[in-house]
Amino acid sequence: MTITIKDSAGIAGMRIAGRLAAELLDYLAPFVKPGITTNELDRLAEVYTTQVLNAISAPLNYAPGGHDPYPKSICTSINHQVCHGIPNDKPLKKGDIVNVDVTIIKDGWHGDSSRMYMVGEVSVAAKRLCNLTYEAMWKGIMKVREGAYLGDIGHAIQTFAEGQGLSVVREFCGHGIGAKFHEDPQVLHYGKPGTLEQLKAGMTITIEPMLNVGRKEIKELGDGWTVVTKDHSLSAQWEHTVLVTPTGYEVLTLSDHSPAIPAFVTASA
């Protein structure tokens, strides 16, 4: 395993890339409403990324081993879709929940983030899932500090999620990130405290739990990318890119219009 430790220049580059990813999600937010297609969201994202941010959309034509190139600039995962949903021409409808996952490359550095958006008025269960998944991500982020272990992050997310009656998807996880889209280590969203790799200052990782209302089992659709819950229950995901610092953590994918940080995070800071 080769974990990259960013120097001051690398950290500065990651800060810029992370902030721009957050600004892209800010830009898309007002457009996520009934009647818009995810293809239109993808078009808006690509234009904003290339023409306003002067950056590159990392998912476009991304082709990890065994996959055909990803055909769009963002991932849009709706309702029971867990992750990697491919934008299409089907309009969003009132009551949908959708995860928009973006990764931009700026001056060679990757900024990776995703948010849940509620399309019009949604059910109580859908709103609860979105809110609890957001809190679960922050429970994991709060465990980040030099000397902590990746297992500490996973354990915090898993115990919180399962305590709320939600299940944690096992097959997909967070990851190291930097000059490459996906680097070591893997960041599991379940686990035991004090296990797996130890965190060191200068590491940059994503924390991106996927939680289901129903069972944890998933399946991949025939397009080779879209992942859904096997029982068709609702799924949600949030993602931040996080820097390990000597005294704790710095969330790199925040902006002025990011969703409010949970009160329990502020209280513990």
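Colleague: In which order do the strands of the open 3-stranded sheet run?

Modeller: Strands of a sheet pair through backbone hydrogen bonds, either parallel or antiparallel. Here the open sheet has the order E3-E12-E11, and its pairing is antiparallel. Strands (E, at least two residues) and helices (H or I, at least four) are DSSP runs numbered from the N terminus, and two strands pair if DSSP finds at least two bridges between them. This is a predicted model, where local features need pLDDT of at least 70, side-chain atom pairs count only at pLDDT 80 or more, and totals for chains, interfaces and linings use all residues. Residues are numbered from 1 along each chain as its sequence is written, and side-chain values use heavy atoms, without hydrogens or water.

Colleague: Which strands are at the edge?

Modeller: Strand E3 (81–83) and strand E11 (218–220), each pairing on one side only. E3 pairs with E12 (residues 227–229) over 2 bridges, and Gln 81 has Val 228 of E12 as its bridge partner.

Colleague: Now the largest nonpolar core: which residues touch the most other members?

Modeller: In soluble globular proteins, nonpolar side chains tend to be buried together. A nonpolar core joins buried (under 20% relative accessible area, 1.4 Å probe, protein chains only) Ala, Val, Leu, Ile, Met, Phe, Trp, Tyr and Cys residues through side-chain atoms within 4.5 Å. Of the 33 residues in this one, Val 144, Ile 153, Leu 199, Ile 205 and Ile 207 touch the most other members. Helix H3 (124–141) is among the elements giving two or more residues; H3 gives the most, with 9.

Colleague: What is Ile 207 in contact with?

Modeller: Leaving aside neighbours within four places in sequence, its contacts (heavy atoms within 4.5 Å) include Met 137, Val 187 and Trp 238.

Notes
Buried means under 20% relative accessible area, exposed over 50%, partly exposed in between (1.4 Å probe, protein chains only).
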